[in-house]
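Please have the sequence and the structure open as you read. This note is meant for someone meeting them for the first time.

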Amino acid sequence: MPSSKKTEITIYSPNYYTYGAMLIGGILKNEFKNGKVNLINNLNPQNKKILSNSNFIIFSLYSTLHILNQEIKDTINEIKLKSPDTKVFVAGAISAYYEIILNEMTNVDAVIVGEGEYTTPNLIKYFQNTEDTKNSKNSKNINLEDFKEFGGIAYLSKENIKENIQGENLNKISIQEPKMNNSIELDFSDLLIPKDIEKQSIRGANVYIETHRGCLGNCTFCQVPEFFGRDIRSKPLELILKEVKNLKKHGVKRIAISGGTGSLYNFKKSSNRNLFIEMIEKVSSMVGSKNLSVPDMRVDYVDSDILTAVRNNTVGWVFYGIESGSNKLLSDMKKGTNPEKNLNAIKLAKDCGVKVGGSFIVGYPTEREVDYLMTKDFLVDAELDDVFVSSAEPIPKTRLCNKVLETKKEDNPTFKSHKGMYGKLNLTESEARCFDLLLHAEMWRSVPRIPNPQIKKIYLDEAKTQGNDIRNITNLVYEYKDLIYKDFNN
Ligand SMILES: C[S@@+](CC[C@H](N)C(=O)[O-])C[C@H]1O[C@@H](n2cnc3c(N)ncnc32)[C@H](O)[C@@H]1O
Ligand code: SF4
């Protein structure tokens with residue numbers, strides 16, 4: 001693969017063009033001006049052809065389920081079988097648990113660990129240069145050791161396969177640590193915006209944009225601070241507006257602002273709510289308030305000025321991470337809130353004319369029946385406008401994952417069979433709580449609905465799908481227990 005050959009790079013982001021994939025695409029387009037950079041979101045025959053023409057392929061993955069996805073695994077194996085010189089990298093939020101990726105997807109050349117903006121172009125250049133100086137016979141044994149000065153990759157040292165005590169082969173993994181998030185400057189390159197972006201709908205938005213990275217929260221289950229860190233790094237307002245203008249030019253109509261907690265935009269030592277308000281006012285003036293949403297908010301980072309600005313400049317909704325009605329469970333989750341604060345923030349939003357949704361977690365390993373009942377009581381008091389229910393997902397290398405690994409399988413609600421009122425439905429405890437809470441929330445919303453059989457079926461399917469996914473993920477984390485148990489200092 002001499003660098004004289006035209007470089008063709010393809011980024012595959014399953015189902016959605018994520019902001020991260022579009023940003024890396026933009027950076028690569030800028031770096032490899034003579035090459036071609038493609039961004040695809042499915043593996044249809046046409047895109048498979050694009051993959052077969054590419055000499056660098058980046059799988060930009062954001063869910064643990066992607067590691068278990070047979071279509072993705074088969075595609076990687078197929079690419080390496082047909083063209084062993086094509087370099088295949090895995091990147092994205094799941095890169096934090098590269099140990100699992102490299103054992104489950106043994107054909108990938110490297111995992112780009114952490115934020116990939118700095119590592120990815122350097123890794124591609126590195127392969128191009130190294131290939132130029134090697135003869136084709138030993139071109140497979142590129143010594144990634146020399147990539148140390150850049151850092152941010154993990155890979156298998158195939159020469160060093162070890163055996164464990166059962167005599168099974170264990171792949172030896174080399175890791176070159178990425179830089180600390182707070183020492184990485186955000187990259188403000190133009191995004192690579194696909195032609196069909198206007199057809200995309202992620203919970204109603206064509207695109208989720210990033211105004212800042214990081215979260216101050218410490219929530220045990222959450223990946224945001226683990227991946228982006230606890231220091232808030234914000235994008236300057238003029239560059240956000242330039243990006244929105246560019247997205248509009250490409251047909252984008254509806255924009256959502258992501259980033260864990262919207263109002264942390266420009267947080268330095270304290271909240272900078274005026275800059276947050278100015279930002280949503282200006283974005284709204286470009287796309288129209290009906291086309292802008294800033295859904296994710298923490299209950300302790302809102303006030304009446306922020307919520308009034310949300311009402312005036314966006315679709316007028318916030319989604320708080322409420323999680324539970326039990327103080328003990330909120331403390332187990334290190335949420336930093338309590339039911340009283342949660343109720344006050346809900347009331348404040350309503351008083352400001354903002355619709356308010358709440359996200360809840362069921363099946364946390366320490367959730368007792370009494371904690372769950374408190375969550376049901378909370379919903380009655382809260383009269384939310386909408387409710388999301390998620391079964392606790394042990395994202396590898398979070399504190400929740402450690403807790404799950406410390407919990408015996410038979411005590412974990414993800415596996416424990418439910419013996420209560422839904423006994424006939426053959427559910428696990430997590431599934432039963434998820435189903436029950438979804439039904440309960442229907443009846444205690446601000447506009448109550450009595451669930452009809454059709455809605456009941458939708459919720460039962462939802463609870464079972466979540467249950468199945470999380471069982472698969474939990475089995476995976478049990479399998480790699482020794483490799484992914486993370487030492488947290490607090
Ligand atoms: C609504 S936003 C949170 C908004 C805001 N940052 C906050 O914490 O209030 C994300 C929600 O997704 C859910 N979530 C995130 N990680 C999860 C996990 N590992 N398992 C289950 N639910 C999760 C939680 O309910 C969380 O509140
Ligand atoms: S759940 Fe929300 S507040 Fe907690 S760490 Fe994640 S983004 Fe931050």
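Predicted model: local features only at pLDDT ≥ 70, side-chain atom pairs only at ≥ 80, totals over all residues.

1. Mean pLDDT for the protein is 93. A value of 70 or more is reached by 94% of the residues.

2. Read one stretch with care. Over residues 135-140, pLDDT stays under 50. The model has 4 contacts beyond four places in sequence for this stretch.

3. The largest nonpolar core has 131 residues. Those that touch the most other members are Ile101, Val108, Ala110, Val111, Ile153 and Ile255. Domain 1 (8-182) and domain 2 (185-484) each give this core at least three residues.

4. Take Ile255 as one of those core residues. Neighbours within four places in sequence are left aside here. Ile255 then contacts Ala205, Asn206, Val207 and Ile209, and also Val244 and Leu247. Val283, Val287, Asn291 and Leu292 are in contact with Ile255 too.

5. Which residues come nearest to ligand 1? Of the 18 around it, they are Phe221, Gly321, Ser359, Ser390 and Glu393. By class, this shell has 8 nonpolar, 6 polar and 4 charged residues.

6. S13 (296-297), S14 (317-323) and S15 (355-362) each supply at least two of its residues. The largest share comes from S14, with 4 residues.

7. Around ligand 2 sit Cys215, Gly217, Cys219 and Cys222, along with Val224 and Pro225. Gly260, Thr261, Arg298 and Gly321 are also in this shell. Its classes are 5 nonpolar, 4 polar and 1 charged.

Methods: Residues numbered from 1 in each chain as written. Chains lettered and ligands numbered in written order. pLDDT = per-residue confidence, 0-100. Contact = placed C-beta atoms within 7 Å. Near = placed C-beta within 6 Å. Nonpolar A, V, L, I, M, F, W, Y, C, P; charged D, E, K, R; others polar. Core = buried A, V, L, I, M, F, W, Y, C linked by C-beta atoms within 7 Å. Buried ≥ 20, exposed ≤ 12 C-beta atoms within 10 Å, placed from the backbone. Domains from an automatic or database assignment.
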